[in-house]
Amino acid sequence: MPKKPNSPDFVVGIIGAGAMGRGIAQIVATGGIGVLLFDTKDDAAATGKDFADRMIFRACEKGLMSEEEAKGAVGRLEVADKLSDLADADLVIEAVIEDLDVKREVFLSLEECVTKDCVLVTNTSSLSVTAIAAVMKYPGRFAGFHFFNPVPLMKIVEVVNGLETNEETCEILVRIARRVGHEPVRAKDTPGFLVNHAGRGLNTEGVRIVSEGITNFSGVDDLLREGGPNFRMGPFELMDTTGLDVSHPVMESIYHQFYGEPRFRPNPLTLQRSVAGLHGRKTGRGFYTYRNNKKIQNLEKGAPEVIPESIWISKAEPEGHDLLLSALREVTEIDMGQKPSTRSLCFFTPTGSDVTSAATTEGVEAERSFGVDTLFGLDGRRTLMSTPVSDPDLRDLVHAALAADGHAVTVIHDSPGFVNQRVVATIVNIACDIAQQRIASPSDIDKAVTLGLGYPVGPLSMGDNVGAKRVLKILNAMYDFYGDPRYRASPWLKRRALLGVSLLTLEN
Ligand SMILES: NC(=O)c1ccc[n+]([C@@H]2O[C@H](COP(=O)([O-])OP(=O)(O)OC[C@H]3O[C@@H](n4cnc5c(N)ncnc54)[C@H](O)[C@@H]3O)[C@@H](O)[C@H]2O)c1
């Protein structure tokens, strides 16, 4: 029988004392569990321990623990000189380089020296847990235990069950995770597990928008941060932080592992910039330029000031119409006619479609037609969208009207779903499909994405906030427009939208 995870004499062995191993050692020792840290490279384990010790004392200086607790934690973290020193460990966490053969070798050697009750786990981010387990004698006691960098700050860990992993193994890992102050989420062994799979939408759709010439990098980032969805970072800021040398290969790898799933299709834009060495903060240049690791801000051009004499707002989308009407009522004369008078400039508030389609459907001239995204309200940065034949002088007038009460406005080219609608719908759709494939439970999907990716809300709740029917409408409109299976709606979303129930609804 494996030892109970709350036993006072539970011991965790950690193999690999690099960025991840030392972080894991720090939290496990701090959580009151004995740690043996091993690395094949000379002094690497001792260096890792020194680092973890310093971090523990720093946490003590910050008042996060008492001196006695810090000394206790440091005392519990020991260096192991050889692999066989881990013979009595109750759990061994492997955090060596990301190489299938090296990891398999480690577990084959480990199985020779640990007891049969010892739980064995890998911290791999991209290799298949099942593939590592394939060489093991007892794959039932083996699982993925995927921490995020930096481990002490990223309070989440994925418990990944391979094809042969026992439920008991996963339960032990869930309890250990909680004991060391981390939130466990359960995921099936699939490419990207949960967090890296759910994170596909933001970057790939952001890149697609830019590659289609709809707006530039900061146009996308600014709207996603300030235009209602409230992301802490837009996709290009995020890729500059991670570095394209890391993000682009992950995009390619997950796409290929899912046999070319169009939802994850990467774009030559990131490959080219990566090849050029524009890796973001770490190289000083990426999508943005950095000086001393600080982003150099480009000054935004001021909004035009001359306001149009009269504005007509389409009633095709009543909620959007009402929102825009209340925002513009004090700004200029509103043309309340069923059809616009010849002197009015025209606003449309489409859900999912582009403004060219919205204007032509209502028989309004595209030259004087403009779109405004009202789906996330009009309290933050606003999106103004033009048709390919919109008159630039008229565009300046409507820009001035939208900016008259002090709101920032981002002007974009025509796009089904503007920027925010299509990025949010893509993220929600991917999360729905993760739920549909039973990779993780709906509540774990939301928890993993908020803790692991720092999104303001989980993607399924994000979908509920917008409304499943609206998300479906956006995706269907994009699918109709592009004919690209990338935008096909997940069955999970379709059924819940039809039933009018939450996207978090589990099947009985
Ligand atoms: N760095 C991250 O952001 C991150 C996040 C999540 C998961 N991971 C995964 O965690 C694992 C470790 O990543 P890292 O960033 O800590 O790597 P790292 O290069 O910082 O450290 C790896 C350590 O493993 C040691 N090592 C190599 N082969 C060994 C062996 N056979 N036995 C014992 N020690 C050995 C190396 O000497 C090195 O100290 C990888 O599988 C990686 O994919 C990394």
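Modeller: Before we start, two strands count as paired if DSSP finds at least two bridges between them, and helices (H or I, at least four residues) and strands (E, at least two) are DSSP runs numbered from the N terminus. This is a predicted model, in which local features need pLDDT of at least 70 and side-chain atom pairs count only at pLDDT 80 or more, while totals for chains, interfaces and linings use all residues. Residues are numbered from 1 along each chain as its sequence is written, and side-chain values use heavy atoms, with hydrogens and water left out.

Colleague: Fine. How is the chain split into domains?

Modeller: The domain assignment (automatic or from a database) gives domain 1 as 11-189, domain 2 as 197-295 and domain 3 as 310-407. Taken over C-alpha atoms, the centres of domain 1 and domain 3 are separated by 56 Å.

Colleague: Take the sheet with 8 strands; what is the strand order?

Modeller: The order is 3-2-1-4-5-6-7-8, in an open sheet whose pairing is mixed. Strand 3 (77-79) and strand 8 (183-188) each have a single partner strand, so these edge strands are left with one side that has no neighbour in the sheet.

Colleague: Which strands does helix 1 lie across?

Modeller: Helix 1 (residues 19-30) lies across strand 1 (11-15), strand 2 (34-38), strand 3, strand 4 (91-94) and strand 6, and its direction is at about 165° to strand 2.

Colleague: Switching to helix 2 and helix 3, at what angle do their axes cross?

Modeller: They cross at roughly 170°, and the axes of helix 2 (residues 44-61) and helix 3 (residues 67-76) come within 9 Å. That angle is why the two helices are called roughly antiparallel. Helix 2 contributes Lys49, Asp53, Ile56, Phe57 and Cys60 to the contact, and helix 3 contributes Glu67, Ala70, Lys71, Ala73 and Val74.

Colleague: What about the sheet of 6 strands; which order does that one have?

Modeller: That open sheet runs 12-11-13-14-15-16, with mixed pairing. Strand 12 (333-335) and strand 16 (409-412) are its edges, and each has a single partner strand, so one side of each lacks a neighbour in the sheet. Here the twist averages 30° from one strand to the next.

Colleague: How many bridges join strand 15 to strand 16?

Modeller: There are 4 bridges, and strand 15 (residues 382-386) runs parallel to strand 16; methionine 385 has isoleucine 412 of strand 16 as its bridge partner. Helix 15 (residues 392-403) packs on the sheet and touches strand 11, strand 13, strand 14, strand 15 and strand 16, with its direction at about 165° to that of strand 15.

Colleague: Last one: how many salt bridges are there in the whole structure?

Modeller: The search finds 37, a salt bridge being a side-chain nitrogen of Lys or Arg within 4 Å of a carboxyl oxygen of Asp or Glu. Arginine 141 forms one with glutamate 111, with the closest N and O atoms 3.9 Å apart. That pair links distant parts of the chain, 30 residues apart, as arginine 141 lies in the loop between helix 5 (129-133) and strand 6 and glutamate 111 lies in helix 4 (residues 100-113).

Terms used
Contact = heavy atoms within 4.5 Å. Axes fitted to C-alpha atoms, helices over the stretch in contact; angles between N-to-C directions. Parallel < 35°, antiparallel > 145°, perpendicular 65-115°, else oblique.
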